[in-house]
Amino acid sequence: MSELNKKQRWVVGITGASGSIYGIRLIETLLTANIDVHMVISNAGWRVLHEELGWNSTDREGIVKEKFGSYPGACIYHPVADIGASIASGSFQVEGMIIAPCSMGTLSAVAHGSSSNLMTRAADVMLKEGRPLVLVPRETPLHAIHLENMLKLSRLGVKMIPAMPAFYFQPQSMDDLINFVVGKVLDSIRIDHHLFKRWEG
Ligand SMILES: Cc1cc2nc3c(=O)[nH]c(=O)nc-3n(C[C@H](O)[C@H](O)[C@H](O)COP(=O)(O)O)c2cc1C
């Protein structure tokens, strides 16, 4: 980011892994903090948003505007097939990218540099430009290919934050569990938040 443009811009991807609420809560928190979000949702991500949160995916731009149109930060929606979007280029300045939740399919595509859609291309741009890339993988059980892909990306500096909420802070609700995972993502990119109470010993 240039000194003239101090407003942060993050890319957030939502894939077809279970836990689309993690991506939604993350976007809400970034927008509330007056951070602009460039959002990309895979086709499977739209399907899971429908299954888990009842989102109607027939008017994708419309629902994004309805859900995210009235925050301090701007939410810019990019169709996953639009490989000509701004975020497909390293010359477009963003702080980094978070994929939450991240499916094993997208994890594999990122680990192998396939760049076959805007989600995996934008992630590839983060890797080639040396920008932060945070993945929130969700699957269970994990087999050796999943684990090898995670190790490969971790060795490249990708932050792996599995959707694994903790219980030592005595969560009282599902919101507490969601906020814990989202809070860990924000910690990893050094964005201040009050999503969970910190352990003080
Ligand atoms: C309701 C539902 C839940 C799913 N949960 C997961 C999951 O937790 N992890 C995962 O890797 N895939 C999960 N999948 C499968 C992925 O959506 C599927 O592999 C898809 O091709 C991933 O595509 P994407 O990476 O482009 O989003 C789920 C699918 C559905 C319909």
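1. Lys7 and Asp36 pair through their side chains in a salt bridge, at 2.9 Å from N to O. Lys7 is partly exposed, at a relative accessible area of 31%. Asp36 is buried, at 14%. This is a predicted model, and the points below should be read with that in mind.

2. Arg9 deserves a look. Arg9 sits in strand β1 (residues 9–14). The residue is buried yet has no salt bridge. Asp36 is the nearest side chain of opposite charge, but is 6.0 Å away. A salt bridge needs a nitrogen–oxygen pair within 4 Å. What does the side chain of Arg9 reach instead? It reaches the backbone oxygen of Gln93, at 2.8 Å. Asp36, for its part, has its salt bridge with Lys7.

3. Annotation. An unreviewed UniProt entry lists residues 9–188 as "domain: Flavoprotein". Over this range the chain is 44% helix and 17% strand. The end C-alpha atoms of the range are 16 Å apart.

4. The ligand site. The surrounding residues are Thr15, Gly16, Ala17, Ser18, Ser42, Ala44, Val48, Ser103, Met104, Thr106, Arg138 and Glu139. Helices α2 (43–53) and α4 (104–111) each supply at least two residues of this shell.

5. The side chain of Ser103 places an N or O atom 2.5 Å from a ligand oxygen. A polar backbone atom of Ser18 is 3.0 Å from an oxygen of the ligand. Glu139 has a side-chain N or O atom 3.3 Å from a ligand nitrogen. How much of the ligand does the protein bury? Taken alone, the ligand exposes 640 Å², and 63% of that is buried by the protein.

6. Other salt bridges. The structure holds seven salt bridges. One of them joins Glu129 and Lys128, with the closest N and O atoms 2.8 Å apart. Both partners are partly exposed: Glu129 at 35% relative accessibility, Lys128 at 48%.

7. Beyond the annotated range. Asp187 forms a salt bridge with Arg198, again with 2.8 Å between the closest N and O atoms. Asp187 is in helix α7 (residues 174–188), whereas Arg198 is in the segment after α7, 11 residues apart. Asp187 is partly exposed at 27%, and Arg198 is partly exposed at 40%.

Technical notes. Residues numbered from 1 in each chain as written. Predicted model: local features only at pLDDT ≥ 70, side-chain atom pairs only at ≥ 80, totals over all residues. Heavy atoms only, no water. UniProt positions renumbered as here; feature names shortened; annotations may be inferred. Helix = DSSP H or I, 4+ residues; strand = E, 2+ residues; numbered from the N terminus. Buried < 20%, exposed > 50% of the residue type's maximum accessible area, 1.4 Å probe, protein only. Lys, Arg positive; Asp, Glu negative; His and termini not counted. Polar contact = N/O pair within 3.5 Å; in protein donor to acceptor, adjacent residues only side chain to side chain. Near = heavy atom within 4 Å. Areas by Shrake-Rupley, 256 points an atom, 1.4 Å probe, with all protein chains shown as cover.
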